[in-house]
Amino acid sequence: MTTGLHILFWVAAVGSTTATIYCGMVLVAAVRFWLRRRRELRVAADFLPALSVLKPLHGTEAGMERNLETFFEQDYPEFELLFCARFESDEGLKLARAVGERYPGVKAGYVTCGDPMPKFHNAKVYSLAKLDSVAKNDLYVTSDADVRVEKDYLLRLAQTLKDPHVGLASCLYLGTAVTEGRAAAGFATQLDAVGKSVEMTSGVLVAEMVDGMKFALGATMATRRKSFQAVGGFNELGQFYADDFVLGNRLAAQGTGVVLATHIIRLMVQDSPFWLSFRNQLRWMQSTRRSRPWGHLGSGLTFAMPFGLLGLLWGLMSGHALIGFIWLAAMVVNRWLQAYAILTVLCDPERLYGTLIYPLRDVLGSVLWVASYGGENFYYRGKVYRLKHGGRVESTE
């Protein structure tokens, strides 16, 4: 063999080995989470404090009406729903009001915050600061507009705050393509959704198993009013793109309990053309690279399909085509095992289809990982921002 083929072989072999080890860790972590979830579901949910649910809004999108309805339909004794947008003319705020009129028995408030101040490059945190100022309760549940939940959502999240030493709890989420008004979402959207389910959940469960929860997932969080102030307040958090990671990371560093709830929510993924889906996913990859540079670098060795393709290439070039095809097939099975385990834990009713297409998502994920090292600028809601060291964000204007 030539030197080039030797290098190709060892790169493929090392990557395939690390990806297989990672897959094994995911399987163990998934079983561990599933057993904990079963135990917690058998425990009486008897902690019922008053809650303030904080929901920042910015515009509207397909499926959002149903998302909002699920929050008004909560089976929980005492809570208030608080919505914040920049202006009264915001379509998302108008929709929230319209939905709220159909649930007169639910306490709901609607406020505006105006355009973010210069130091608040994270508009979501700016909205949370406004909601914090009007919330009546000291225990919060925050959630994004693209979250859809079951009726026991608040009941389950409230239990995570029963321990006074816990300052924040996050939820895993099942990525779900929005199909309201259409037969099926596009394939790019389906890959995005299964990536949010499998790739994200795998990383979270392994990290929680190995090192404990030292971060938060911002799609929804159960937290305390004082937790925001303990990490520097909204003024500080508003300087970061991944404010959820910073909040959880700093609380954990202070010794405050940060936990992973066993309740599962749905994260609704908009049907988008491939280029837009790719750009949105790349933005999150870039944020992760800045927030956790070494962890993000190491995550390149968790992908399996790129190394399987390299193994196939080695086989074809070295005259061992059969070995190359077996190598690639082994990596496909590797990703099928990972996807099926995670989608089963997330109770995905379409787990078989998600499992089938996940190897393709693994290829796309590796491309996104490589692309995340290509620059520090990203586009979001009509503006271009620059990611700085540690995940701080600033406007390029």
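Visitor: How many helices and strands does the secondary structure of the chain come to?

Guide: In this predicted model, the chain is made up of 14 helices together with 11 strands.

Visitor: What does the radius of gyration say about the chain as a whole?

Guide: The idea is to set the value beside the one a compact globule of 397 residues would have, which is near 21 Å; the chain has 22 Å, and therefore agrees with that expectation. The C-alpha trace spans about 70 × 55 × 50 Å along its principal axes.

Visitor: What percentage of the residues count as buried, and how much accessible surface does the chain have?

Guide: Of the 397 residues, 53% count as buried, while the accessible surface comes to about 17600 Å², with 61% of that area belonging to carbon and sulfur atoms. As for charge, there are 42 positive and 36 negative side chains, and the centres of these two sets lie 4 Å apart.

Visitor: What share of the contacts joins residues at least 24 apart in sequence?

Guide: Taking the contacts between residues at least 6 apart in sequence, 79% join residues that are at least 24 apart. An individual pair can illustrate this kind of separation: Ile264 and Leu172 are 92 residues apart in sequence, yet their C-alpha atoms are 5.4 Å apart in space.

Visitor: Where does Ile264 sit, and which residues does it touch?

Guide: Ile264 belongs to strand 8, which covers residues 257–269, and because buried means under 20% relative accessible area, its 12% relative accessibility makes Ile264 count as buried. Beyond the residues up to four places away in sequence, Ile264 touches Arg37, Leu172, Leu174, Val345 and Leu346.

Visitor: Which residues touch the most other members of the largest nonpolar core?

Guide: That core holds 52 residues, and Leu172 and Leu247 are the ones that touch the most other members. Helix 6, residues 187–211, gives the most to this core, contributing six residues. A second, separate core has 39 residues, among them Leu57, Phe83, Tyr103 and Ala169.

Visitor: What surrounds Leu247 once its neighbours within four places in sequence are left aside?

Guide: Leu247 is then in contact with Leu168, Met221, Ser227, Phe228, Val231 and Leu237.

Visitor: Is Tyr173 buried or exposed, and in which strand is its place?

Guide: Tyr173 lies in strand 6, residues 166–177, and it counts as buried because its relative accessibility is 11%. Its C-alpha atom is separated by 7.8 Å from that of Lys196, a residue 23 places away along the chain.

Visitor: Where is Thr70 placed, and which residues does it touch?

Guide: Thr70 is part of helix 2, residues 64–72, and with a relative accessibility of 4% it counts as buried. Apart from residues up to four places away in sequence, Thr70 touches Arg148 and Val149.

Visitor: What is the phi value of Cys347, and where is this residue found?

Guide: Phi of Cys347 is near 60°, which is a positive value in a residue other than glycine. Cys347 is found in the loop between helix 13 (321–345) and helix 14 (351–371), and its relative accessible area of 43% makes Cys347 partly exposed.

Key. Residues numbered from 1 in each chain as written. Predicted model: local features only at pLDDT ≥ 70, side-chain atom pairs only at ≥ 80, totals over all residues. Heavy atoms only, no water. Helix = DSSP H or I, 4+ residues; strand = E, 2+ residues; numbered from the N terminus. Rg over C-alpha atoms; globule rule 2.2 N^0.38 Å. Buried < 20%, exposed > 50% of the residue type's maximum accessible area, 1.4 Å probe, protein only. Contact = heavy atoms within 4.5 Å. Areas by Shrake-Rupley, 256 points an atom, 1.4 Å probe, with all protein chains shown as cover. Lys, Arg positive; Asp, Glu negative; His and termini not counted. Charge placed at Lys NZ, Arg CZ, Asp CG, Glu CD. Core = buried A, V, L, I, M, F, W, Y, C linked by side-chain atoms within 4.5 Å.
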